[in-house]
Amino acid sequence: MLADDEAGRAYSKAEHNRLLQQRIAHSRGSIEWKHQNISAVLKGLGESWIPGYKPAFNFQASLVDAVARWLAMHPAWMSPENRQPISDSAVVGKSPLLWVGPPPTHSNMPPPDEMDQMQAIARKFDVAERDARNRALGRAGEERIVAHERATLAAAGRDDLADRVRWVSDRDGDGAGYDVASFEADGRARLIEVKTTNGWERTPFHISRRELDVADAARDEWCLVRLWNFARAPKAFELRPPLQAHVSLMPTSFQAQLH
């Protein structure tokens, strides 16, 4: 159903529920609630869910393992080309501009119990590392930001700058400390590091020491664009240095050198 929903194909929740009632002898309400639990697990795993099944929490740990096993057994599901083709040039051409909103804050944080469950799932299954390893997802997100930057500059009457937007990580490889070199409408440089996820805006993400160093050295130009809900309807927000003002930075690996 989720695949159909993301692809815009028709499906029937009621028919699906009815068939499950026949197979597992549970009530309609019980099945509905379990699907809401699955939505909550998907949210914690940094994935999208069916909007009609609002995430419901206080689910069993075994459900988390079951959903994670399914995703592990279907790695193609994580690839952008098997989801809504957001990076396809025809789709980007129709709507190059992204919805860019304010970053999450303490004031709009979910209830503590919900947040604790989400963070526990993300840590256990290392959602940030999974997204960092998903090169297809990362490239698709960067391509989307390049299109957005060019469209934004063109809309501001700066076609000259739009033509000079550069996809640095694609042309030069990783290592610059940012993915896209763009401009503000007044000509000032924008050095953009892109972090993409299919899930909600609070899904954790990895950031490298090189990216942190460049963010600190080029505070006036550098920004992090967090692209989320990518598989369904991409949205974004920006974080400006110092990043510690917006996120908690936790070391996840160490360099070991022999004595």
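Which residues have the most contacts inside the largest nonpolar core? In this predicted model, they are Val-41, Leu-45, Phe-59, Val-67, Met-118 and Ile-121, within a core of 21 residues. At least two residues of this core come from each of helix H3 (28-44), helix H4 (61-73) and helix H6 (112-124). Apart from this core lies another, of 19 residues, which includes Ala-140, Ile-145, Val-180 and Val-225. When residues up to four places away in sequence are not counted, Ile-121 touches Val-41, Gly-44, Leu-45, Phe-59 and Val-64.

The partner of Phe-59 is Phe-57; the ring centres are 6.3 Å apart and the planes stand at 40°, an arrangement classed as tilted. Two lysines lie over the faces of other aromatic rings. Lys-13 is placed over Tyr-53, at 4.3 Å from the ring centre, and Lys-235 over Trp-99, at 5.5 Å from the ring centre.

Helix H11 (residues 209-217) has buried residues at Glu-211, Leu-212, Val-214 and Ala-215. Viewed down the axis of H11, the buried residues fall within an arc of 165°, so they line one face of the helix. Exposed residues Arg-209 and Ala-217 are carried on the face of H11 turned away from the buried side. The cover over the buried residues of H11 includes strand S4 (189-196) and strand S5 (222-228).

Side chains of opposite charge can pair when their charged atoms come close. The structure holds 21 salt bridges. One of them joins Arg-18 to Glu-15, with N to O at 2.5 Å. These two residues are three apart in helix H2 (residues 13-24), which means that about one helical turn separates them. Arg-18 is partly exposed at 37% relative accessible area, and Glu-15 is likewise partly exposed, at 33%. Another salt bridge links Arg-158 and Asp-160, whose closest N and O atoms are 2.9 Å apart. Arg-158 counts as partly exposed at 25% relative accessibility, as does Asp-160 at 41%.

A further salt bridge is formed by the side chains of Arg-190 and Glu-184, at 3.5 Å from N to O. Arg-190 counts as buried, at 6% relative accessibility. Arg-190 and Glu-184 are also linked with Glu-149, Glu-238 and Arg-240 in a network of salt bridges.

Methods
Residues are numbered from 1 along each chain as its sequence is written. This is a predicted model: local features need pLDDT of at least 70, side-chain atom pairs count only at pLDDT 80 or more; totals for chains, interfaces and linings use all residues. Side-chain values use heavy atoms; hydrogens and water are left out. Rings of Phe, Tyr and Trp (its six-membered ring) pair if their centres lie within 6.5 Å; planes under 30 degrees apart count as stacked, over 60 as edge-to-face and the rest as tilted. A charge sits over a ring if NZ of Lys or CZ of Arg is within 6 Å of the ring centre and within 35 degrees of the ring normal. A nonpolar core is a set of buried Ala, Val, Leu, Ile, Met, Phe, Trp, Tyr and Cys residues joined through side-chain atoms within 4.5 Å. Buried means under 20% relative accessible area, exposed over 50%, partly exposed in between (1.4 Å probe, protein chains only). Helices (H or I, at least four residues) and strands (E, at least two) are DSSP runs, numbered from the N terminus. Contact means heavy atoms within 4.5 Å. The arc is that of the directions from the helix axis to the C-beta atoms. A salt bridge is a side-chain nitrogen of Lys or Arg within 4 Å of a carboxyl oxygen of Asp or Glu.
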